[in-house]
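Q: I have a structure open and want to learn to read it. Where do I start?

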Amino acid sequence: MSTIVRFSPDLGRWLTHNLDAGLAPQAVLDTMLKQGMSERAAHAIVAAFVDARRQGGAMPDGAVELPDEASSRPVARLAPGTRILAAGREIVVHSRGEDPVFAVLGNVVDAEECKAIIEMARPRLKPSTLVDPMSGRDVVSDKRASWGMFFRPGENDLVARLDRRLSALMNLPLENGEGLQVLHYPTGAGSEPHYDYLAPTNAANRESVARSGQRVSTLVTYLDDVPEGGQTVFPQFGLAVSPIRGNACYFEYCDDRGRVDARSLHASAAVTRGDKWVMTKWMRERRFVAAGEGA
Ligand SMILES: O=C(O)CCC(=O)C(=O)O
Ligand SMILES: [Fe+2]
């Protein structure tokens, strides 16, 4: 059973104002905690506002749903051990944490695969867009943003091979995987702190979760070395994962009862020299059915 937390219109206006002014979610969170708000409530409220801004949906109006408290340590979907065999490839576990489940992995893809994915993605990249909350239209966010594209699941031999490998590594059925996303960050680009799970702040997210279940885990694979900057940062842990070709950063944020973990907040630090290419795999609770596809 989930709990509803109510908040004042003043707090809502204060949050909107500060996030609009470019304050980091962590900074507004710290202020709310200093003023005595409980950590779970403050996290849930800030998360709802950050998600609404990112998705271009309506700001939460007076109340948000508090995720149930995790009752026990999560059981990792990621296999234990320092090496994981995934579809015939031996993936190296450089470091890992269990609560929340998090790992830095090596040997996920080889240099040839990285190059081939970049070249297939390059002509299909589009500037990342945001939904303009006023007009509801897609607008190019700004010049500090990345460029992105999606492969259809299994759309060619290489993509199919990677889909199979990543699903084995992430330990969920192949059909639960969304199509691989490739992002390119030119020099100066990064991304805002965000959650990968889908907040029920707009109809598209609610319908997506109804079709395929929540997103449960993410694997961000680095397709090239970044000379400077471009780390994947986790502000709740003060952790920055270096973008090194073939390595990947793995994290889980949704347990088997659909409860999501706000500690998974993450961002891409700005690339300060060179550029950055990543490939992201998101896994769902159930078979992934894209919008407009039959169930
Ligand atoms: O580029 C990164 O390091 C993170 C990518 C990411 O957060 C995402 O694809 O959701
Ligand atoms: Fe993300």
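The dialogue below takes up domains, a helix, a sheet and a ligand.

A: This is a predicted model: local features need pLDDT of at least 70, side-chain atom pairs count only at pLDDT 80 or more, and totals for chains, interfaces and linings use all residues. Residues are numbered from 1 along each chain as its sequence is written, while chains are lettered from A and ligands numbered from 1 in the order in which they are written.

Q: Which domains does the chain have?

A: Domain bounds come from an automatic or database domain assignment. Here that gives domain 1 (3-66) and domain 2 (83-284). Their centres, taken over C-alpha atoms, are 25 Å apart. Each domain gives 15 residues to the contact (C-beta atoms, placed from the backbone, within 7 Å). On the side of domain 1 that touches domain 2, helix H3 (39-55) has the largest share, eight residues.

Q: What span should helix H1 have?

A: Helices (H or I, at least four residues) and strands (E, at least two) are DSSP runs, numbered from the N terminus. The expected span is 1.5 Å times one less than the number of residues. H1 (residues 9-20) has twelve residues, so it should span 16 Å; its end C-alpha atoms are 16 Å apart, which agrees.

Q: In what order do the three strands of the open sheet lie?

A: Strands of a sheet pair through backbone hydrogen bonds, either parallel or antiparallel. Pairing takes at least two DSSP bridges. The order here is S14-S13-S16, with antiparallel pairing. S14 (239-241) and S16 (267-268) are the edge strands. Val 233 has Ala 267 in S16 as its bridge partner.

Q: Which residues surround ligand 1?

A: A residue is near a molecule if its C-beta atom, placed from the backbone, lies within 6 Å of it. Among those around ligand 1 are Gln 181, Asp 196 and His 266. Strands S10 (181-185) and S18 (276-284) each give two or more residues to this shell.

How values were computed: Contact = placed C-beta atoms within 7 Å.
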